[in-house]
Amino acid sequence: MTALSSGNCSFQYQLRQANRSLDGNCLLFLIILGKVLLNTLTLGMRRKNTCHNFMEYFCFSLAFIDFLLLVNISIIYYYRDFVVLGVRFTKYHICLFTQIISFTYGFLHYPVFLIACIDYYLNFSKTPKLALKCQKIFYFFTVILIWISVLAYVLRDPGIYQSLKAQSVYSYQCPFYISIQSYWLSFSMVMILFMAFITSWSEVIALVQAVRMTSYMNETILYFPFSSHSSYTLSSKKTLLPKFIICFLGTWLPFVLLQVIILLLKVQIPAYIEMNIPWLYFVNSFLIATVYWFNCHKLNLRDVALPADPFVNWKCCFIPLTIHNLEQIEKPISIIIC
């Protein structure tokens with residue numbers, strides 16, 4: 001048998017670690033590329049007249065950050081080792097940048113959720129509205145402020161700094177942050193949906209069997225039959241809840257089932273993957289449904305600017321049960337959301 005020198009063993013070990021790092025970087029590149037394509041597809045599928053709210057601006061900023069991360073990873077992966085303005089970039093920085101982004105994304109769920117809630121609440125309040133141009137500027141700088149604040153917190157946190165410093169010692173390892181915020185946010189929304197469905201499951205099933213779909217003014221509208229002789233109040237929270245559940249699950253049911261599977265199996269998803277545009281639009285639809293439900297008495301007011309959903313059509317119409325031919329109706333009766 002031939003004995004290998006310690007130098008050869010060390011060289012082979014370093015070579016194996018380099019190959020492992022390159023394979024990991026290639027996989028990371030493909031994941032980020034897939035996420036960028038998913039972001040582009042989702043933004044392309046949304047309705048185009050819903051740009052004037054905080055969540056929409058934040059989605060565009062997230063798509064830009066993901067694209068910027070993809071460009072940085074691509075450049076570093078291609079050149080391997082280069083110097084820019086006196087700063088040397090190596091394959092280690094691919095992991096470093098992605099880790100910083102993961103920590104930043106992981107701490108953004110609660111702030112984004114809270115600010116979106118405040119934004120939609122103010123839309124229903126009687127506070128003076130800003131001009132459209134001022135609104136755009138306000139949302140733009142609010143999004144920038146959130147990114148800068150969370151990034152500054154991540155870079156100044158001692159625990160995160162130690163984690164990044166330890167990774168620089170063991171450069172072949174690249175663990176990513178798992179956000180606890182997204183877990184509890186997903187758990188809360190799924191539980192609320194479950195309780196809402198349980199409390200009105202009989203009405204939901206009856207409406208699913210009776211609901212009709214038609215087109216009005218080039219938009220798809222759901223017709224919910226009701227008895228014209230009953231004491232039916234269109235602004236009642238109890239009667240609107242099953243209809244909102246149908247509208248929401250009609251679009252997001254696959255995503256809700258995915259969240260249930262992730263929660264039951266306790267799947268750990270890195271924060272740089274979990275914070276994505278489909279997830280944000282899912283949260284956005286949940287917030288809009290919640291705001292609509294709590295402000296159902298204002299849905300028929302003409303002077304209230306209702307938030308528009310990029311994916312869920314919340315146009316719910318009611319017709320008497322005696323009408324059987326929807327095509328003979330010139331316009332919907334009692335449009336709740338228009």
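**A helix pair and a cavity**

In this predicted model, the axes of helix α2, residues 54-79, and helix α3, residues 92-106, cross at roughly 165° and come within 9 Å. The cut-off for roughly antiparallel is an angle over 145 degrees, and α2 is therefore roughly antiparallel to α3. The crossing in which α2 passes α3 is left-handed.

Sorted by class, the contact of α2 with α3 comprises 10 nonpolar residues, two polar residues and one charged residue.

How many cavities of 30 Å³ or more does the structure hold? There is one. The volume of the largest cavity is about 40 Å³.

Which residues line the largest cavity? The lining consists of M55, H109, V112, F113, L185, W279, L280 and V283. Two helices, α4 (109-124) and α11 (277-294), each contribute at least two residues to that lining. In terms of class, seven of the lining residues are nonpolar and one is polar, with no charged residues.

The contact of α2 with α3 has one charged residue, whereas the lining of the largest cavity has no charged residues.

Terms used
Residues numbered from 1 in each chain as written. Predicted model: local features only at pLDDT ≥ 70, side-chain atom pairs only at ≥ 80, totals over all residues. Heavy atoms only, no water. Axes fitted to C-alpha atoms, helices over the stretch in contact; angles between N-to-C directions. Helix = DSSP H or I, 4+ residues; strand = E, 2+ residues; numbered from the N terminus. Parallel < 35°, antiparallel > 145°, perpendicular 65-115°, else oblique. Left-handed = near helix turned anticlockwise from the far one by under 90°. Nonpolar A, V, L, I, M, F, W, Y, C, P; charged D, E, K, R; others polar. 1 Å grid on protein atoms, 1.4 Å probe; cavity = no way out; pocket = protein on both sides within 12 Å on 5 of 7 lines; lining within 4 Å. Points joined across faces, edges and corners; volume = space filled by probe spheres on them.
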